[in-house]
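Morning, everyone. I'll keep this brief. Please have a look at the structure first.

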There are 2 protein chains.
Amino acid sequence: MILLDGVLHEGRSAPFDLADRGLTLGDGLFETMTAFGGTVWRLDDHLERILGGLDVLGFKVPRQRLADDVRSLASRAPASGAVLRLTVTRGAGARGLAPPDGPRPTVIVSAAPFDPVLMFQPASLAVSAIRRNDTSPLSRLKSLGYLDNVLALADARRRGASDALMLNTGGQVACASVANVFCLKGDRLETPPVEDGVLAGIVRGRLFELAPAQGLAAVERSLVPADLLNADAVFLTNSVRLIQPVAELDGIRLPTSPMVARLYDALAGEILAETARDPRG
Amino acid sequence: MILLDGVLHEGRSAPFDLADRGLTLGDGLFETMTAFGGTVWRLDDHLERILGGLDVLGFKVPRQRLADDVRSLASRAPASGAVLRLTVTRGAGARGLAPPDGPRPTVIVSAAPFDPVLMFQPASLAVSAIRRNDTSPLSRLKSLGYLDNVLALADARRRGASDALMLNTGGQVACASVANVFCLKGDRLETPPVEDGVLAGIVRGRLFELAPAQGLAAVERSLVPADLLNADAVFLTNSVRLIQPVAELDGIRLPTSPMVARLYDALAGEILAETARDPRG
């Protein structure tokens, strides 16, 4: 089930302009969200973020159009839980890189089943040789060009890890293939600033709000891999899995802390309160 | 006119699987070629390059399938000249970055008119703040993720230049938004090695072959912007425009040399000999 420019298609295939710059140049952005009982969790945050990103790319789509399309698909998705993807491209263009003067953006929303079995599964990380390009605004956006992360993930799996840890061009921690990185040190929850080539993750933002109630001070600080090795606990965050504890970095076992599960429960509790469904299954 | 998986479609629209990883993740590569009188210039070089790139991405497409599709569209394109684009993606996949075990790649070929008026037009370059990520294998491939270059080009145009000069993470010259960079210094033709985050351009490769007949020694050498300012001439190369002289770098006028036009004529002469059409119009 997919929504292309407001038109619903059963299956995944639809008539598509193959000159769409999303396909030809990766010229677009996306968001990944969860919906439970037809309610999209933190939809406003996701819309805010993608609209801010489209400003960087230099084209606009009405917020209402995006909200309507996402809600429309969410209402048709399984009530037990769905992962929604919102894709916005600059639309079709002539040959070459220069965008059309009056772009007609393409909006796609798709849904996949939400799988509670994946939740809170520990990750093992391998540092990728591919650096996150923090000189590019795209390092702070969910752009369609995800192939660096695809290659980094494949390489990490070949090396026996479950995910890649990507550093930026200065050797500082940026992110995993599709997640922010946090470390817990005493009562401090530390994560790199967006300037280090980091997406302003929605769950990342929630943790800044939730930390004080757990007796934690959440701070942005540039991190190097040694900071992760010396932390009390390391974990990943994203909108689908909420929190994934990190058990290993380049083959070195990392300690954990009951606090990681407490933060996970706090996030799952938010979803339960807002959607009346528990993502923990 | 477009060929999608071997099926010809008039216009640009066709039934398309919107879960194609080319669209969702930029998971694919492309080539841009010219065809005159139905003959694709240096088709074997383009096929060689994209097949080598697909090895890096970790999936295969039969060479014959690509050759057949490109030739099929070339035979239908205007005999006076066409720009062909070959796009190969990993095909559809489930949600997430991990590729399917048995990918079914998508092959698209499209055609646009070739415009001789654009040939040998001088370029003015502005150094981009967005660096070419030479830590990524993609910096040496024509991957679908071209948005860094789109943003760099847009910024260069805002600053009054016609194109961006992209440096790598070490501050060395990488490329323009869609072209290799050469400089002429005495009897030396210098261009950065691919390790600096550079595509192994087809015209770039031709110049290595053609240089000796012009009394030049073509060499790969890492370049910094000051090398361009101190050159006898600077020019860009790509498969569509062949050679573009660079007249200006960040507002500083650059000298030129009759040798640049001689190299351009040598390339155009090759096309004339191989296709019986003169790309100079």
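How many aromatic pairs does a search of the whole structure find over all chains? The answer is 11. Rings of Phe, Tyr and Trp (its six-membered ring) pair if their centres lie within 6.5 Å; planes under 30 degrees apart count as stacked, over 60 as edge-to-face, the rest as tilted.

Ground rules before the details. This is a predicted model: local features need pLDDT of at least 70, side-chain atom pairs count only at pLDDT 80 or more, and totals for chains, interfaces and linings use all residues. Residues are numbered from 1 along each chain as its sequence is written, chains are lettered from A and ligands numbered from 1 in the order in which they are written, and side-chain values use heavy atoms, leaving out hydrogens and water.

Now, one pair: A:Phe30 with A:Tyr146. The pair is edge-to-face, 5.3 Å centre to centre, with 65 degrees between the planes. A:Phe30 sits in strand β4 (residues 28–36) of chain A, and A:Tyr146 in the loop between β8 (123–127) and α4 (147–158) of chain A, 116 residues apart. Helices (H or I, at least four residues) and strands (E, at least two) are DSSP runs, numbered from the N terminus. Both A:Phe30 and A:Tyr146 are buried, meaning under 20% relative accessible area; exposed is over 50%, partly exposed in between (1.4 Å probe, protein chains only).

Next, A:Phe182 and A:Phe235. They are stacked: 5.3 Å between centres, 5 degrees between planes. A:Phe182 is in β11 (residues 180–185) of chain A and A:Phe235 in β14 (residues 233–238) of chain A, so the pair ties together parts 53 residues apart in sequence. A:Phe182 and A:Phe235 are buried too. With A:Phe208, they form one aromatic cluster.

Back to A:Phe30. A:Arg85 lies over its face, 3.9 Å from the ring centre. In chain B, B:Arg85 lies over the face of B:Phe30 at 3.8 Å. The test: NZ of Lys or CZ of Arg within 6 Å of the ring centre and within 35 degrees of the ring normal.

Finally, the two chains. How does chain B superpose on chain A? By a rotation of 180 degrees with 0.0 Å of shift along its axis, RMSD 0.0 Å. That is the relation of a two-fold axis.

Terms used:
Least-squares fit on C-alpha atoms with pLDDT ≥ 70 in both.
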